[in-house]
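Thank you all for coming; please have a look at the structure on the screen, and I will then walk you through it part by part.

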Amino acid sequence: MMARRNRFIYLILALLILFILGLEFFLPALMANMLKDYLRKEADDIAYMNIKIRSFPAIKMLRGKIDRAYIEIEGLSIDNLYLDKLDLQYRDILLKEDGFTGLNTGLEAVITAEAINDYIQAKFPELEAFQFQIEPEQVALEGRISIFEMLLDVQLSGNLAVSDQREVYFIPDNFRVENINIPVNLLKAYIEGLDFSFDLEELNIPLALNEIKLYSGYAILHGGE
């Protein structure tokens, strides 16, 4: 009788261990797929995505709680903006029906000058004739604008800056206008009034963008709390 009782207890313990191990294996994959589905729904297109999740004990994922998440995206298109690469790291995530909250501990995104030019043509008709160039020391806009009923060939150099850890905008600091007598401050105010900027607001996820590093033909966005 005692032996039968012990066997029953061992069986229950074995089933409990198998259940816990099953949760540790299946829940991270389930939560990762939920995150993938959400991001694909928010983005216009994603060529490749890989998500890894860590949480212990895994059973708390049933309440939407995730300790850490690592998101790797390639070929992200959103609101006419294309990123070659977007890597994100999070901790203390709470997954909800309409998204998730959490601390963005790491961010790296790669965007090319070609992608920015496509974005300009789609979003800023006033700058349709402009070409955006990225160099290691500065960025530049070259093109033609209409001001005071005059068509002006303009060259602007400047930099990219970050606002509110989400938005990237162009700050012009040098102008060249051929054979025309227009106050520089007036031209600068006109260009700044166009409010050329881009962000990832449409993804509807926590982001902590901190700095931008320029290279030849592309820029890398870095961030993380």
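The protein exposes about 13,100 Å² of surface, and carbon and sulfur atoms supply 51% of that area, where accessible areas come from the Shrake-Rupley method with a 1.4 Å probe and, for residues, only the protein chains shown count as cover. Please keep in mind that this is a predicted model, in which local features need pLDDT of at least 70 and side-chain atom pairs count only at pLDDT 80 or more, while totals for chains, interfaces and linings use all residues. Residues are numbered from 1 along each chain as its sequence is written, and side-chain values use heavy atoms, with hydrogens and water left out.

Of the 225 residues of the protein, 42% count as buried; buried stands for under 20% relative accessible area, exposed for over 50%, and partly exposed for what is in between, with a 1.4 Å probe and protein chains only. There are three helices and eleven strands, and along the sequence they follow the pattern α-β-β-β-β-α-β-β-β-β-α-β-β-β. Helices here are DSSP runs of H or I with at least four residues, strands are runs of E with at least two, and both are numbered from the N terminus. If we take contacts between residues at least 6 apart in sequence, 52% of them join residues at least 24 apart, a contact being heavy atoms within 4.5 Å.

Asp44, Asp45, Asp199 and Glu202 form a negative surface patch. For such a patch, residues need over 30% relative accessible area and no salt bridge, with like charges joined within 9 Å and nonpolar side chains (Val, Leu, Ile, Met, Phe, Trp, Tyr) joined within 5 Å. Lys and Arg count as positive and Asp and Glu as negative, while His and the chain ends are not counted; the place of a charge is taken as NZ of Lys, CZ of Arg, CG of Asp or CD of Glu. Asp45 from this patch belongs to strand β1, residues 45–54, and it is partly exposed because its relative accessible area is 45%.

How many salt bridges does the count come to? The count comes to six, each being a side-chain nitrogen of Lys or Arg within 4 Å of a carboxyl oxygen of Asp or Glu. One of them joins Lys60 and Asp67, whose closest N and O atoms are 2.7 Å apart; Lys60 counts as buried because its relative accessibility is 18%, whereas Asp67, at 24%, counts as partly exposed. Another is formed by the side chains of Glu108 and Lys85, at 3.7 Å from N to O, and this pair links distant parts of the chain, with Glu108 in strand β4 (residues 99–112) and Lys85 in strand β3, 23 residues apart. Glu108 is partly exposed at 27% relative accessibility, and so is Lys85 at 30%.

Next come some details of the backbone. Most residues other than glycine have a negative phi, and most peptide bonds are trans. Phe56 and Pro57, however, are joined by a cis peptide bond with omega of about -10°, and Pro57 lies in the loop between β1 and β2 (65–78). Asn80, in the loop between β2 and β3 (81–96), has a positive phi near 70°, and Asp164, in the loop between β7 (150–163) and β8 (167–177), has a positive phi of about 55° although it is not a glycine. Asp164 counts as exposed because its relative accessible area is 70%, while Asn80, at 46%, is partly exposed.

I would like to finish with two buried residues. Where is Ala208 found? Ala208 is found in the loop between β9 (197–199) and β10 (209–214), and it counts as buried because its relative accessible area is 0%. Leaving aside neighbours within four places in sequence, its contacts are Asn104, Leu107, Gln165, Gly223, Gly224 and Glu225; the C-alpha atoms of Ala208 and Glu225, which are 17 residues apart along the chain, are separated by 6.3 Å. Ser157, in strand β7, is likewise buried, with a relative accessible area of 11%, and, not counting residues up to four places away in sequence, it touches several residues, among them Gln138, Val139, Phe170 and Asp173.
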